[in-house]
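This report takes up a strand arrangement, the packing of nonpolar side chains and a set of aromatic rings. Please keep the structure in view while reading.

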Amino acid sequence: MDEGHSGSYHEALASPVRQRVLELLAQAGTSLTTADLATSLGLHVTTVRFHLDHLERARLVERESRPTSRRGRPSIHYRATPHGPSEAPEQLISVLAEALGTHGSEVALEAGRRWAARLDPPPGEPTTVLTETFARLGFSPQPAGELIRLHSCPFRSAAREHPEVVCQAHLGLAQHLAGQADRSGRLTVALQPFAGPGLCLLTVARDESPTAR
């Protein structure tokens, strides 16, 4: 991807409306008109056309002309490009991580905790909850006692560029989930990013000392 295309790609994905347009096109399984999208989004067709132009310049959508039964211009339809839906989430994460990076790791930690609060975790002790939840999210976790090996972070590229955001959000996620599974206040959850090739380490330790609270 050349530098100019990369810039337009990031600009396109920085808009929540354009993210939603792309999502609708990807889910539709067929091409849609501007009017179709405007109805689904509750926006004016001119506004939708503006966002489609951005997505088209970023090569995330393609347009095609279709003849109509009535006289006049052919109908213009849009569809998500084959590469768009698969690359978009990673690009979006990178954009958001870059934006959040200026606010410090505590903001990312809190974002991770809020993420966890929206999930429906399975029942069980902390290690089980974390293993099953991170498996659902695509991390391919492997538990071993207090240690959980995360083998395939789905946000790897963005995490390498902005570990202070992406990895801290994952830590906040893990801390909240573990804390909900065990409310004793004795748990310490730590994350070691990039402990090995394609590997991060999540540790859940319990303080069993009599003075622990």
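## Strand pairing and the sheet

Leu147 stands opposite Thr203 in β7. The strands concerned, β5 (residues 147–150) and β7 (residues 199–206), pair in the antiparallel sense over four bridges; two strands are taken to pair if DSSP finds at least two bridges between them. Helices (H or I, at least four residues) and strands (E, at least two) are DSSP runs, numbered from the N terminus. The model is a predicted one, in which local features need pLDDT of at least 70 and side-chain atom pairs count only at pLDDT 80 or more, whereas totals for chains, interfaces and linings use all residues. Residues are numbered from 1 along each chain as its sequence is written, and side-chain values use heavy atoms, with hydrogens and water left out.

Four strands form an open sheet with antiparallel pairing, in the order β4-β5-β7-β6. Its edge strands, each pairing on one side only, are β4 (141–144) and β6 (187–196), and the twist averages 20° from one strand to the next. Helix α9 (residues 163–181) lies across β6 and β7 and runs at about 150° to β6, where axes are lines fitted to C-alpha atoms, for helices over the stretch in contact, and angles run from 0 to 180 degrees between N-to-C directions.

## Nonpolar cores

A nonpolar core is a set of buried Ala, Val, Leu, Ile, Met, Phe, Trp, Tyr and Cys residues joined through side-chain atoms within 4.5 Å; buried means under 20% relative accessible area, exposed over 50% and partly exposed in between, with a 1.4 Å probe and protein chains only. The largest core has 24 residues, of which Leu130, Phe134, Leu150, Val189, Leu191 and Leu202 touch the most other members. Its largest share, seven residues, comes from α9.

Leaving aside neighbours within four places in sequence, Val189 is in contact (heavy atoms within 4.5 Å) with Leu171, Ala174, Gln175, Ala178, Leu202, Thr203 and Val204. Apart from this core lies another, of 15 residues, including Leu24 and Ala80.

## Aromatic rings

Three aromatic pairs are found in the whole structure, where rings of Phe, Tyr and Trp (its six-membered ring) pair if their centres lie within 6.5 Å, and planes under 30 degrees apart count as stacked, over 60 as edge-to-face and the rest as tilted. The ring centres of Trp115 and Phe155 are 6.4 Å apart and their planes are at 75°, so this pair is edge-to-face. Because Trp115 lies in helix α6 and Phe155 in the loop between β5 and α8, the pair ties together parts that are 40 residues apart in sequence.

Trp115 is partly exposed, at 26% relative accessible area, whereas Phe155 is buried, at 18%. Ring pairs link Trp115, Phe134, Phe139 and Phe155 into a cluster.
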